[in-house]
Amino acid sequence: MRLRAPQRTGVVFFPAFDWAIDPTHPEREERLLYTRDQIFEEGLLDIEGVVEYPPRVAEMADVERVHTGVPDLETHTSPSHLVSAGGAIEAARRVLDGDVERAFALVRPPGHHARRVVHGLRGFCVINIEAVMIEHLRRHYGGLRVAVVDTDCHHGDGTQDIYWHDPDTLFISIHQDGRTLYPGSGFPDEFGGPNAFGTTLNIPLPPGTTDDGLLHVLDHLVLPVLEEWKPDLVVNSAGQDNHFTDPITDMAITAQGYATLTRRLRAHVAVLEGGYSVQSALPYVNTGILLAMAGLDTSAVIEPDYHPDLLQMGERSRQYVERLCELMLEKFLRRDDLRAEAVRGRTHLEETRSVFYDGAGIREQQRERVRVCDDCGGTMVLESWENPARKVLTVELPRRCCLACRAQGEDAFHRATTDEYALVELRDRPHDRVERKRRAGG
Amino acid sequence: MRGIFLGIDVGGTHTDGVAVEEGRVLHKVKVPTHADLRECTLDALEELLDGINPRAVRRVVLSTTLVTNAVVQGDLEPTGTLVTAGPGISPRLLALDDRFRVVPGAVDHRGREIVPLDEEAARRLLDELAAAGIRVLAVAGKFSTRNPTHERRLAELAGDRFDFVALGHQLAGTLNFPRRIATAYLAAGAWRLHRTFVASMTDALRRFSVLAPLYLLRADGGTHAARTLANPAETALSGPAASALGTLALDTVAAETVGLDIGGTTTDICLFSAGAPLLEPQGATIGPYLTQIRALFTRSAPAGGDSWVRVEEGEIRVGPRRFGPPAALGGTHPTPTDALVVLGRAVGNRQRALEALAPLANELGTLPEEAARRILQAWAVEIAGAVRRTLDEVNARPVYTLHELLEGHRVRPARILAVGGPARAIAPYVEEAIGLPVTVPNHFDVANAVGAAVARVNAEVHAVADTARGYLSIPEAGVYEEIPASFPLADLQTRATEAVLAAARSKGELDPAAPVDIADVESFNVIEGFATVGRIHRLRAQIRPGILSRVD
């Protein structure tokens, strides 16, 4: 008399009912309250083959593996972030341990706007929970090729930043066009760093994109790319703010759309990101995702406010999406040639940028220099400052760092002085170690 | 509460009874359990009343397997099930049999009607079921605990063509639609059987000149006046609940404690924290049905005194199978009880026990006495493993707030209380296998009947006030009414307290010393657009499972 799931599915459900950014912020206590009611009422956790696991609490070492904190990580990391990241880690470990085939980390707070360097709150995020999860997995389960498919309505600029130079992490973000929505990035020309060209893909969609549009991108771009790239693990940053009722975005995706996407994408791990239509969307979308992951019928997961007539996509938008997918797929398949052109005759690539922290009201400046390398992800040297008197320098040795890159990186670290920088970090990924020099007096 | 309390627990092999007065056991009896539960209950009753003034009896409490047996043997009455569903899992996946019908109509998680009830369809489906000879109905709506209007209307439409209609929202206030369906289904399916049983037991009591009310013990260890019990399925699993309460009555259970009831077929495990038994988080599982029925948290290990013992690859194995009684009592297979008999720790035919153990002793290359000791060790190790798994399960329960997760309380018992026939003989072995002190209280052999005798009335209600929608709902108490936008959390506490006391009173004589606990309090803003439009207050009020008095 118990419903049985064709696919064993893990769920880490952590609604953090006692944590909010502030009381009326979209990222507030009851964000998952109605979702919990729906999940409990549906009896989803009673289904045989759906297994609920409590989250673990991530360790600071897991966070340090990904982020540089200014002035330090402890300032920004709260218990809620450690549990949210720990929830994602637990979900993924259950999959890699073979306890379940897939898992859904239904946790908050979200993380995909958190970048490598953290000066404060940005886009409701501080700690990038997917990146913390992925690097934890690589540390404990060996070098995985990981694809992150970010289906949150906002460009996953934090995850993109963290994996920009990583040839072993394919980051695909499908989002509402950055010309119309925070954070204003995620255009097709953002294609990855010189040593990871083509492992960042951005698909900006026009406002009003429907299930058909989203599923077109999935079928004609994302799935073929995954087929070609062959990841060991597929992670879905499962934001739910593309929903037609979301108060802070303009898309037209339904619970059926999410369920179908989930069924076709077959991600090993889904991690909740945004989604702020807490009553009208989240209960249904999460039910749809969970049923789809478990391989059960989702045909009755239809929102009360759903009217097919209201959710029609314009012909121009449809053509735009189709054309975009063609161009992106072509570009992806030619990525090696394109990279060769882009780096021809160059030993380093340098970039400066400015990052606004909407939650903290501060602006960070960055100067990034990466070694062009055919053998590894390339040593990266990053200067970051909000206050020019307190610059931070971080040197990152990539996971499969070659000897030349190691020598350059270590040299850069040793030459940098605490007179010049308030903090200097050598992030030695192969040895899972962070070495620091700090200016005296804080 | 003064007077004589009679407790009778109908077990798989024995029916145990006690008469308790002022915390003393006056009388205890053990009679064999027959196929006709009524008969053995009356046998026990008759023996118990021997020498007791029936007019002095204050309460009679029965713990029976009547409903469990009916569920397991498929003897429930054919039941029509009507559900309203709405967005989510396809309701057809939830059908319990082919008399399951879906009526268009839906309510959402806030209790708002999103699809009106299709009364015409309802009438047609009810006609169909009635025409097919169905006489009892289960009605369950998704989110009916938030808004019972559709369920209530379906009951009206059913009218008097049906003898009994079970409404899901009244049976439990928690959220779980599939369990609500199963709970109502069992309530309806067991209704007639239960009614017949209660009528005949009440008659019998009158014949014995016992005027005291008849109570049934529920899975949550609460007593319920037999004539007001709306859901007879709540009496399933009352056996383990009876032993848990008996354990509570027979010793001081202050710290965290493991309770063991070592029986013939199984060893039942329960846990006590802060002087009260732990409850199942979701509800009881009865046969194949997951229900919302409130139940004590008990786990059974298939390792009892009658379990089959053999040697496999040099290792002694105990259970999970059993083949009738122990060899010493006329059975065919060696059992832990035979080991006890060989060591002179239990009554039985020692010669037969020795014969049964001889092949095992040979295989182990030792004498029968040593083999017997090693069998008891293996049995204790089996029990210890089950206790460990039970603790792991409880400690892995999910929590949903940072506070609970970070301050997370883990159950770490300090001692074990063991009851059941072989408890005293096996206690030293269990102590060694688990590494915790084991106490065996007086009357350990009838702890279950003692538990039934002194179990108090308990109750639980779930209350939700949604000030944005302007409704208060306390489903178990039949409360669903409009409230003003200013309705505060404190008023919800008051209403829930009143409701739980009223619910308790309807179940029987209340223990004046039993406090009402308010638990799981939540209070959230309701924000629509970017404005706060109200609050949702939720809480649970309960009188915890407990006992009327200690028994020495």
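In chain B of this predicted model, four strands form an open sheet in the order β6-β5-β9-β10, and their pairing is parallel. The edges of this sheet are taken by β6 (100-102) and β10 of chain B, each of which pairs on one side only. On average, neighbouring strands of the sheet are turned by 20° against each other, with direction ignored. Strand β9 (residues 136-141) of chain B runs parallel to β10(B) and is joined to it by four bridges. Within this pairing, B:Val136 has B:Phe164 in β10(B) as its bridge partner.

Of its two members, A:Phe191 is buried, with a relative accessible area of 1%, whereas A:Phe197 counts as partly exposed at 21% relative accessibility. The rings of B:Phe164 and B:Trp191 likewise have their centres 5.2 Å apart, but their planes are at 10°, so the pair is stacked. Because B:Phe164 lies in strand β10 (residues 164-167) of chain B and B:Trp191 in helix α6 (residues 177-207) of chain B, the pair ties together parts that are 27 residues apart in sequence. Both B:Phe164 and B:Trp191 are buried. Residues from both chains meet in one aromatic cluster, which is formed by A:Phe13, A:Phe40 and B:Tyr400.

| Charged residue | Ring | Distance from the ring centre |
|---|---|---|
| A:Lys391 | A:Trp385 | 4.4 Å |
| B:Arg59 | B:Tyr215 | 5.0 Å |

Chain A has an open sheet of six strands in the order β11-β12-β13-β14-β15-β16, with mixed pairing. Its edge strands are β11 (348-357) and β16 (433-438) of chain A, each pairing on one side only.

Elsewhere in chain A, strand β1 (residues 4-14) is mostly covered, since eight of its 11 residues are buried. This strand, β1(A), pairs in the parallel sense with strand β2 (residues 48-52) of chain A over four bridges, and A:Thr9 stands opposite A:Val50 in β2(A). Helix α1 (residues 33-42) of chain A has nine of its 10 residues buried, so it is largely enclosed by the rest of the structure. The buried residues of α1(A) include A:Arg36, A:Asp37, A:Glu41 and A:Glu42. After α1(A) comes A:Gly43, whose phi is positive, near 70°.

In chain A, a cis peptide bond with omega of about 0° joins A:Val70 and A:Pro71, and A:Pro71 lies in the loop between β3 (68-69) and α3 (79-96) of chain A. In chain B, a cis peptide bond with omega of about 0° joins B:Gly319 and B:Pro320, where B:Pro320 is found in strand β20 (residues 315-322) of chain B. A:Phe124, a residue other than glycine, has a positive phi near 70°; A:Phe124 lies in the loop between β5 (117-118) and α4 (129-141) of chain A. Because its relative accessibility is 17%, A:Phe124 counts as buried. B:Glu22 is not a glycine either, yet its phi is positive at about 50°, and B:Glu22 has its place in the loop between β2 (14-21) and β3 (24-32) of chain B.

At the level of the whole chain, chain B is divided into domain 1 (79-193), domain 2 (301-445) and domain 3 (459-543). Taken over C-alpha atoms, the centres of domain 2 of chain B and domain 3 of chain B are separated by 45 Å.

Terms used:
Residues numbered from 1 in each chain as written. Chains lettered and ligands numbered in written order. Predicted model: local features only at pLDDT ≥ 70, side-chain atom pairs only at ≥ 80, totals over all residues. Heavy atoms only, no water. Domains from an automatic or database assignment. Buried < 20%, exposed > 50% of the residue type's maximum accessible area, 1.4 Å probe, protein only. Phe/Tyr/Trp six-rings, centres within 6.5 Å; stacked < 30°, edge-to-face > 60°. Helix = DSSP H or I, 4+ residues; strand = E, 2+ residues; numbered from the N terminus. Lys NZ or Arg CZ within 6 Å of the ring centre and 35° of its normal. Pairing = 2+ DSSP bridges. Axes fitted to C-alpha atoms, helices over the stretch in contact; angles between N-to-C directions.
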